[in-house]
Amino acid sequence: MKKNLSHKEIMAIKRVKMPEQDAQDRSRNFKEVNLGLNKEQAIREAQRCLQCKSQPCVDGCPVRVRIPEFIEAVAEGDLPEAARILLADNTLPAVCGRVCPQEDQCEVLCVRGAKSGPVAIGYLERFVADWAMEHPEELTGGKPPQPSGKSVAVVGSGPAGLTMAGELAGMGHSVTIFEALHDTGGVLRYGIPEFRLPKRIVDLEVTRLQNLGVSIECNVIVGKTVTLEELSEEFDAVFIGNGAGLPVMLDLDGENLKGVYSANEYLTRVNLMGAWRNDVPTPIIHGRQVAVIGGGNTAMDAVRTARRLGAERAIILYRRSEAEMPARIEEIKHAKEEGIEFILLAAPLEILGDEQGWVTGLRCQKMELGEPDASGRRRPVPIPGTTFELEVDVVVNAIGTRANPLLTATAPNLKLSPKGNIETDNTGATNLPGVFAGGDIVRGGATVILAMGDGKNAAAAIDAYLKKND
Amino acid sequence: MFPIVSNDLIAPNLYRMVIRAPRIARSRQPGQFVIVHADQEAERIPLTIADADIDRGTVTLFVQAVGYSTCRLTALPAGTSLRDLAGPLGRPTEIKPWGRVACIGGGVGTAVLYPLAKALAEAGNQVISVIGGRNADLIILADELAEFCVEVLVATEDGSRGRQGFVTHVLQGLIADPRSIPQAVYAVGPVPMMKAVTEMTRPHQIRTIVSLNPIMIDGTGMCGGCRVVVGGELKFACVDGPEFDGHLVDFDLLADRLSTYRTEECKMIRKLPEQQRPEQRNQ
């Protein structure tokens, strides 16, 4: 155990490597790529944590998981204790351990990072969360909270809504989530593919919330089935976490050819509707040569999906260079190992088609990097006279999403930004009393963990609001 | 779960299904639709809400059994339930006091037309319904429409009921006579029919509203699978429509995009038990 290790011995332990499915095999199946640590690997990795007093890692975590504490419990082999600490701050640890960009958050601040690589906080979180799912009997015994008699409606069952619901249920409030789709999870269900986040994990996390007393109603489209006003009358408070699910279109000639998808459509067909299986009725075009436009995580998910659907050539087309790609480093690495081709510094000019209306190609423009733009990244500038054509039969647009106006269109008094996002103060409160919001509907397209942080933050504000109005 | 209250065959391959969905019944307006996801293994399909009964908490759907999902859906007996029913979706119909309105319905489009015609009549319009089909067996809702329409005109391709020919022939007659020329036209049916109607009204500058039927998945605007081009602009039929100004719609693009999954659709039909296939049911 850790107490017996000297500082030198601790410093000598190398960062664990995540066991993975072989790249050749996995590029043709939808099973999870990362296989998870075993207990010995996890304890060894946990021993690398120096338990520093300043705990910079916690500052990097949007939901402020008490990282050194749960890691210390792992190092001591006390997994029930590790799970209790982790679950106290994070409603969806098995999700976060898989999809958070730890390299930009908790791990980037780890003091061991500079010399020998940061402690693998994400891998350890995943290990503890998976263990907790398999051993629910060892985690019972907590006293259920005193019912507050207050009710809260949560719009959307994505990461923000689920986190919010878990927090509020833990405080004794009666919570009902309203979800527009037929299944829970938001982007965790329809966006992130099975090979990165098995849907079984989402089911288990959602079941845990339901066991806490959270009720979930699917097929309710707030703004259509019921209005925000009706929810405000029926519940003591409302939280809006309905995301930024509206695709930004390419606005190019040929965009409406058969075989051109938004990433949302492509991924929804495959993930939510199961189109990767050949025995379901929802179809998907199995392109032989697929180009995905964009450089974020959604683009990586789409291109790796195309490969698994059988594409001989699956291409990322991105207008800047790899250094500017917003996708996680791990996803880019995995994509490359799986044979994804990267065409960088190139932008699409036109989607080409045949007489029957099918996509046949993409006319592209080579780019170079100019001065930094408002985002701080160097702006791509076309190089005159350098166009080229790619032969493709499927094009997936993954250039981004924005706020869906379905709810806000029927809530005329709700204050919005010029881009259509809901405006809130730093507690998540909107301009309407008792109405709070968080996640992508406030931020625009961001990350799972930032949405969760918003959910947690707003839960505290809602709790305070409910107590004040008692 | 959404219980199926009744499911009746009203014409060859055409079923009237009444489903219990109190929230949708309460909030729906004419022109809106639902997404049906019959079970975990089903696909999501859009269907117009033909009618609603707020007191009973039910909505009525007319379903034409044409492919794998609609054949499976219509094979579900009363007493069973649908896993998911989401709505009401889309924008409600533009109901104005036009004066004289012609409502043109082809095939199952007549069922989609029914709630619009009713709402237009309730708003004080003189509604003339023009409904058509291949033969007399496929003419639906004529009596129901007659309850509030000033006239119900029927056209069949084989002449077995009403006038022989297409609904457009009847419309042509209405337009030709100053005493019957409509101030607005609503057309719902197959793409070639809606296109023909808009070409007929265009020279007379008669406001023509069509209800488009592109492929949909979520129906809430998150994917753009249902995109159509209207007046040169990209629109999502599920949130911006499904009704649009027919004179601005690119019907050829709509028809072409509707053919995207034809091969897959044919494959899926062969997976149905034989007695459930549309060609078997036709006999």
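A salt bridge is taken here as a side-chain nitrogen of Lys or Arg within 4 Å of a carboxyl oxygen of Asp or Glu. In the predicted model, Glu81(A) and Arg84(A) form such a pair, with their closest N and O atoms 3.6 Å apart. Both residues belong to helix α6 of chain A, where a spacing of 3 residues separates them by about one helical turn. Glu81(A) is partly exposed, at 31% relative accessibility, and Arg84(A) is likewise partly exposed, at 41%.

Over all chains, the structure holds 52 salt bridges. Another of chain A joins the side chains of Arg66(A) and Asp89(A), at 3.2 Å from N to O. Arg66(A) is located in the loop between α4 (56-59) and α5 (67-75), whereas Asp89(A) is in helix α6 (residues 79-89), so this pair ties together parts of chain A that are 23 residues apart in sequence. Arg66(A) is partly exposed, with 33% relative accessibility, while Asp89(A) is buried, at 14%.

The largest nonpolar core comprises 73 residues, and those with the most contacts inside it include Ile67(A), Phe70(A), Leu124(A) and Ile462(A). Domain 1 (2-139) and domain 2 (151-245 + 403-468) of chain A both contribute residues, so this core lies between them. Beyond residues up to four places away in sequence, Ile67(A) touches Cys57(A), Val58(A), Cys61(A), Cys106(A) and Ile121(A). A separate core of 39 residues has among its members Ala155(B), Met193(B), Val197(B) and Val230(B).

Elsewhere in chain A, Ser321(A) is found in the loop between β8 (313-317) and α16 (329-337).

Chain B is assigned domain 1 (2-89) and domain 2 (100-211). The centres of these two domains of chain B, taken over C-alpha atoms, are 24 Å apart, and their contact takes 14 residues from domain 1 and 13 residues from domain 2. An unreviewed UniProt entry lists residues 1-95 of chain B as "domain: FAD-binding FR-type". This span is 14% helix and 48% strand, and its end C-alpha atoms lie 33 Å apart.

Arg100(B) is situated in strand β8 (residues 100-106) of chain B. Arg100(B) is buried but has no salt bridge, the nearest side chain of opposite charge being that of Asp177(B), 7.9 Å away. Asp177(B) instead forms a salt bridge with Arg179(B), with closest N and O atoms 3.0 Å apart. Asp177(B) is partly exposed, at 24% relative accessibility, and Arg179(B) is exposed, at 69%. Arg179(B) is also one of the residues in contact with Arg100(B), including Gln126(B), Ile128(B) and Ser180(B).

Note on methods
Residues numbered from 1 in each chain as written. Chains lettered and ligands numbered in written order. Predicted model: local features only at pLDDT ≥ 70, side-chain atom pairs only at ≥ 80, totals over all residues. Heavy atoms only, no water. Core = buried A, V, L, I, M, F, W, Y, C linked by side-chain atoms within 4.5 Å. Buried < 20%, exposed > 50% of the residue type's maximum accessible area, 1.4 Å probe, protein only. Domains from an automatic or database assignment. Contact = heavy atoms within 4.5 Å. Helix = DSSP H or I, 4+ residues; strand = E, 2+ residues; numbered from the N terminus. Lys, Arg positive; Asp, Glu negative; His and termini not counted. UniProt positions renumbered as here; feature names shortened; annotations may be inferred.
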